[in-house]
Amino acid sequence: SSFANADTIIFKSGDKLTGELKSMIDGKVAFNAAEVGEVSLDIKRIQQINVDKPVEFHFTDGTIIKSTAKSAKPGHLTLEKTDLLTSQEVAISDITAINPPAEIPPKWTGNVTVGFSSTHGNTFAEGANASFNVQRRTEKDRTNVDALYLVTRTKEKDSTGKEKKTTTEESLSVKGKYDYFFTKKFYGFVNAGFKKDHIADLDRRLIGGLGLGYQ
């Protein structure tokens, strides 16, 4: 395909590439070259950039400017005048991204479950439970929280032969885990747990840990 208004990249070696600048993320420039198609280039190898169509430049200080660009002295480029800004020269090393994709909002999932059972007849038993789960996921991290409460009562006879209701189970447990992804599959994590059990005479149990994971 031909490029009527071609962008140009000049490397520190002096080589030149013509085509269309698509984006730059994490130091890698996506460039649709006229001769070879789309390629990935290391920004550290680039000395000059010419951009004929306005693109969105993101800088280390948080500034975002949409403009065309022309070559300046080595390691710099000149952003052309816009409605809000005059023409200015900037260092290529100060650019953190070009046309980055829109940030994907966190994805939330979760559920709440409540149950109750009751048995009357030759035997008596009542039980209730409630559970909660929520997960938050982004491209870089994942947070998961679980909670469970259980209670069970049965009817028993005391030493006098009189029936009375007795709690045979009553516990609460909460677990949480945070994962941070260094790559798409490799991540580090930290987790924590809390448990309270009235019948087992457990006031509280706290458990924590950290480690590495691969999925």
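**Pockets and core**

Modeller: Bear in mind that this is a predicted model. The largest pocket is lined by Ile25, Asp26, Thr96, Ala97, Pro100, Pro101, Ala102, Glu103, Ile104, Thr138, Glu139 and Lys140.

Colleague: What volume does the largest pocket have?

Modeller: The volume of the largest pocket comes to about 530 Å³, and its lining residues split into six nonpolar, two polar and four charged.

Colleague: And which residues line the second largest pocket?

Modeller: Around the second largest pocket sit Arg137, Thr138, Glu139, Lys140, Phe181, Phe182, Thr183 and Lys184, and the space within this pocket is about 170 Å³. Its lining is made up of two nonpolar, two polar and four charged residues.

Colleague: Switching to the core, which residues touch the most other members of the largest nonpolar core?

Modeller: Those are Val29, Phe57 and Leu77, in a core that counts 24 residues. The elements giving two or more residues to this core are strands S1 (7–11), S2 (16–25), S3 (28–33), S5 (46–59), S6 (64–71), S7 (76–79) and S9 (95–98).

Colleague: Which of them gives the most?

Modeller: Strand S5 does, contributing six residues to this core.

Colleague: What is Leu77 in contact with, leaving aside neighbours within four places in sequence?

Modeller: With those neighbours set aside, Leu77 is in contact with Ile49, Phe57, Ala69, Lys70, Ala72, Gln88, Glu89, Val90, Ile92 and Ile95.

Terms used: Residues numbered from 1 in each chain as written. Predicted model: local features only at pLDDT ≥ 70, side-chain atom pairs only at ≥ 80, totals over all residues. Heavy atoms only, no water. Core = buried A, V, L, I, M, F, W, Y, C linked by side-chain atoms within 4.5 Å. Buried < 20%, exposed > 50% of the residue type's maximum accessible area, 1.4 Å probe, protein only. Helix = DSSP H or I, 4+ residues; strand = E, 2+ residues; numbered from the N terminus. Contact = heavy atoms within 4.5 Å. 1 Å grid on protein atoms, 1.4 Å probe; cavity = no way out; pocket = protein on both sides within 12 Å on 5 of 7 lines; lining within 4 Å. Points joined across faces, edges and corners; volume = space filled by probe spheres on them. Nonpolar A, V, L, I, M, F, W, Y, C, P; charged D, E, K, R; others polar.
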